[in-house]
Amino acid sequence: MTKGLRRWLLRLPLLALMFGLLAGIALPLLEAAEPADERPPASGPAVYVIPVKQTIESGLQSFLERAFQEAEEAEAERIILVINTFGGRVDSAAEIGDLIRNSSVPTVAFVESNAISAGAYIALNADQIVMLPNSSIGDAAVVDGATGELVDNPKITSLWTNKMKAAAEANGRDPAIAVKMVDPSATLTIEELDLTVGPGNILTLTSEEALAVGYAEHLASSVEETLEWLGLEERMVVEMELTTAENLARWLTSPLIRTLLLIVGMAGVAIEVIVPGFGAPGIIGIASFGLYFFAHYIAGFAGLESFVLFVVGIALLVLELFIPSFGILGFLGIGSLIAGVVTAAYDTGNAFYSLLIAFGVATVLVIIFAVIFKKKGIWNKFILRDSLSTEEGYIPAVSREDLLDMEGVTLTPLRPSGTVQIGEERIDVVTSGQFIANNKPIKVIKVEGTRVIVREIV
């Protein structure tokens, strides 16, 4: 067993301990993230107040799914969504819309300030809409999250327009108004407001305008006033909030932080494998991957299978360093690692894109680190770097071309090597295979560097 392999085998328990520590940290957090199974007993059906006051993305969707499930299990009388958002991801909004429509508990959207873009779609799926005076709803055109420009894709625009239209129709609202909130090419005349909105404009309604055209049922200055209007002021109010773990998971699953975690994770593990002996890069790398999977688990996207795929991938890549497999273990390891990271994410396409970015940046970091610590790299275990130079104390051998054709006498039998006397020197020589006895005359017939070949003089 080589010294390098023994060192790595000794390091395997450390890696196992690191994974164990991560699990020890994560499990209590996971348990803390679980919602309480019991609520204080109520004197009657409860009203659940759920905030929608952030960018609409996968983390919010996961929170709302938990909140709606708890409200349904508690047989709540009503859910009030307190909406104040400028929108977010269309796909998350679509899932949230389905959640509202399919809920067994009637839902009221209380627009606290803004129900813009995807927020408008969520409000339109509620059974009733109550708005704070001077609040607004609309401006639901599909925009590119990176540039802020309108998405010029007829297929996407048509799909989102139909969703907005269907949400309005499901609750008896004028679908043409919903269409104009999305499609800038449409023309809309609203007789109740004596208003015409032409091409190139997106419709946004104030609370007073929304009330006039049936896009709001009531105006109220607070949730309490909304409860009074609904006749539910005597009900127990359960205010749902994001847990600490859910807030952390929401931040960690954002595209930027998710990519940074992958970069640090890849670079840390790779540096520890290629330049072993530091310890810190490996611990930081595995901790980053642990946070990645923890966040996606809390958000409801990752299961145990994703984490298992990732661990198997890391193990196969380590084995590839020591077991000749012609790259098979390496390819399987990379495939398993990618599958673990991608299946843990809400959007596999975005996760794969983040993975590619992280791989490129991590590769650059590993190369820089390897150059700085090139004398400590694992490749040094397989490369002979000692130089047999005079400076290192070695004396180079001298060719004996000067002995060619000289004659002497054997001091020992040549079988076929031995010692001869040539002039005043004792020389180690060989024959071409013949035996020459002691004290016989010889002649040097060939010199190859330090190898002197002789024959007997007959």
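Q: Are α2 and α3 roughly parallel or antiparallel to each other?
A: This is a predicted model, and in it α2 and α3 pack at an angle of about 10°. Angles under 35 degrees count as roughly parallel, so these two helices are roughly parallel to each other. Their axes are 9 Å apart. Helix α2 covers residues 58-73 and helix α3 covers residues 90-102.

Q: Which residues make the contact?
A: On the α2 side you'll find Ser58, Leu60, Gln61, Leu64, Glu65 and Phe68. Helix α3 brings Ser92, Glu95, Ile96, Leu99 and Ile100. By class, the contact of α2 with α3 has six nonpolar, three polar and two charged residues.

Q: OK, what about α12 and α13, what angle do they pack at?
A: About 155°, with their axes 7 Å apart. Angles over 145 degrees count as roughly antiparallel, so that is the word for α12 and α13. The crossing of α12 past α13 is left-handed.

Q: Switching topic: which residues touch the most other members in the largest nonpolar core?
A: Leu81, Met164 and Tyr215 do, in a core of 55 residues.

Q: What does leucine 81 touch?
A: Not counting residues up to four places away in sequence, leucine 81 touches Ile50, Val52, Leu64, Phe68, Ile100, Thr107, Val108, Ala109, Phe110 and Ile122.

Q: How many residues are in the second core?
A: This separate core has 27 residues, among them Ala249, Leu261, Val269 and Ala345.

Q: Now alanine 167. Is it buried or exposed?
A: Buried means under 20% relative accessible area, so at 2% alanine 167 counts as buried. Alanine 167 lies in helix α5, residues 154-170. Leaving aside neighbours within four places in sequence, alanine 167 is in contact with Tyr121, Leu124 and Asn125.

Q: How far apart are the C-alpha atoms of alanine 167 and aspartate 98?
A: They are separated by 9.8 Å, although the two residues are 69 residues apart along the chain.

Q: Last one: how many helices and strands does the chain have?
A: The chain has 14 helices and 15 strands. Of its 458 residues, 43% are buried.

Definitions and conventions. Residues numbered from 1 in each chain as written. Predicted model: local features only at pLDDT ≥ 70, side-chain atom pairs only at ≥ 80, totals over all residues. Heavy atoms only, no water. Axes fitted to C-alpha atoms, helices over the stretch in contact; angles between N-to-C directions. Helix = DSSP H or I, 4+ residues; strand = E, 2+ residues; numbered from the N terminus. Parallel < 35°, antiparallel > 145°, perpendicular 65-115°, else oblique. Left-handed = near helix turned anticlockwise from the far one by under 90°. Core = buried A, V, L, I, M, F, W, Y, C linked by side-chain atoms within 4.5 Å. Buried < 20%, exposed > 50% of the residue type's maximum accessible area, 1.4 Å probe, protein only. Contact = heavy atoms within 4.5 Å. Nonpolar A, V, L, I, M, F, W, Y, C, P; charged D, E, K, R; others polar.
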